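Here is a quick walk through how the pieces of this model sit against each other. Have the structure open and follow the residue names as they come up.

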Amino acid sequence: MSNGLKASKISNNLINAHSKFLQEQLMEAQQSLFFARSVKEIKFLQNRIDYLKRILKEINKRKS
């Protein structure tokens, strides 16, 4: 395997792992939203959810 293909494969693996991590973080934030105890915590979680969705959308756009 040439260095270019090897680097591309490693890069794809890292992107996939990062995407999976962000998806897990998104799921965790969405679940935490149901147990939030203050308006401040709800706003924080909503902002985090929006941010994670935006980043995942950007990653998926680049993959295609």
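Let's start with one side chain: Gln25 touches Arg48 and Leu52, leaving out residues up to four places away in sequence. Keep in mind that this is a predicted model. Gln25 sits in helix α1, which covers residues 3–33. Is Gln25 buried or exposed? Its relative accessible area is 18%, and because the cut-off for buried is under 20%, Gln25 counts as buried.

Now look at the partner. Arg48 lies in helix α2, and at 28% relative accessibility Arg48 counts as partly exposed. Besides Gln25, Arg48 touches Ala29, again not counting residues up to four places away in sequence.

α1 has 31 residues and reaches 45 Å from its first C-alpha to its last, close to the 45 Å expected at 1.5 Å a residue. Helix α2 runs over residues 39–63, which makes 25 residues. Its end C-alpha atoms are 36 Å apart, and that agrees with the 36 Å it should span at 1.5 Å a residue.

Two packed helices are described by the angle between their axes and the distance between the axes. How do α1 and α2 compare on that score? They pack at an angle of about 155 degrees, with their axes 9 Å apart. Angles over 145 degrees count as roughly antiparallel, so α1 and α2 are roughly antiparallel to each other. Their crossing is left-handed. By class, the contact of α1 with α2 has 12 nonpolar, 8 polar and 3 charged residues.

If you want to trace that contact on screen, the α1 side includes Ile15, Asn16, His18, Gln23 and Leu33. Across from them, the α2 side includes Ile42, Gln46, Lys53, Ile55 and Lys63.

**What is buried**

In α1 the buried residues are Ser19, Leu22, Gln25, Leu26 and Ala29, and what covers them includes α2. In α2, Leu45, Ile49, Leu52, Leu56 and Ile59 are buried, and their cover includes α1.

| Residue | Relative accessible area | Touches |
|---|---|---|
| Ser19 | 3% | Leu56, Ile59 and Lys63 |
| Leu22 | 8% | Leu52, Ile55, Leu56 and Ile59 |
| Gln25 | 18% | Arg48 and Leu52 |

Take Leu22 on its own for a moment. Leu22 is buried, with a relative accessible area of 8%. Among the residues Leu22 touches are Leu56 and Ile59, which are also on the list of buried residues in α2.

Ser19 is in helix α1 as well. At 3% relative accessibility, Ser19 counts as buried. Its contacts, leaving aside neighbours within four places in sequence, include Lys63, and Lys63 is one of the α2 residues that meet α1.

Notes. Residues are numbered from 1 along each chain as its sequence is written. This is a predicted model: local features need pLDDT of at least 70, side-chain atom pairs count only at pLDDT 80 or more; totals for chains, interfaces and linings use all residues. Side-chain values use heavy atoms; hydrogens and water are left out. Helices (H or I, at least four residues) and strands (E, at least two) are DSSP runs, numbered from the N terminus. Buried means under 20% relative accessible area, exposed over 50%, partly exposed in between (1.4 Å probe, protein chains only). Contact means heavy atoms within 4.5 Å. The expected span of a helix is 1.5 Å times one less than its number of residues. Axes are lines fitted to C-alpha atoms, for helices over the stretch in contact, and angles run from 0 to 180 degrees between N-to-C directions. Angles under 35 degrees count as roughly parallel, over 145 as roughly antiparallel, 65 to 115 as roughly perpendicular and the rest as oblique. A crossing is left-handed if the near helix is turned anticlockwise from the far one by less than a right angle, and right-handed if clockwise. Ala, Val, Leu, Ile, Met, Phe, Trp, Tyr, Cys and Pro count as nonpolar, Asp, Glu, Lys and Arg as charged, and the others, Gly among them, as polar.
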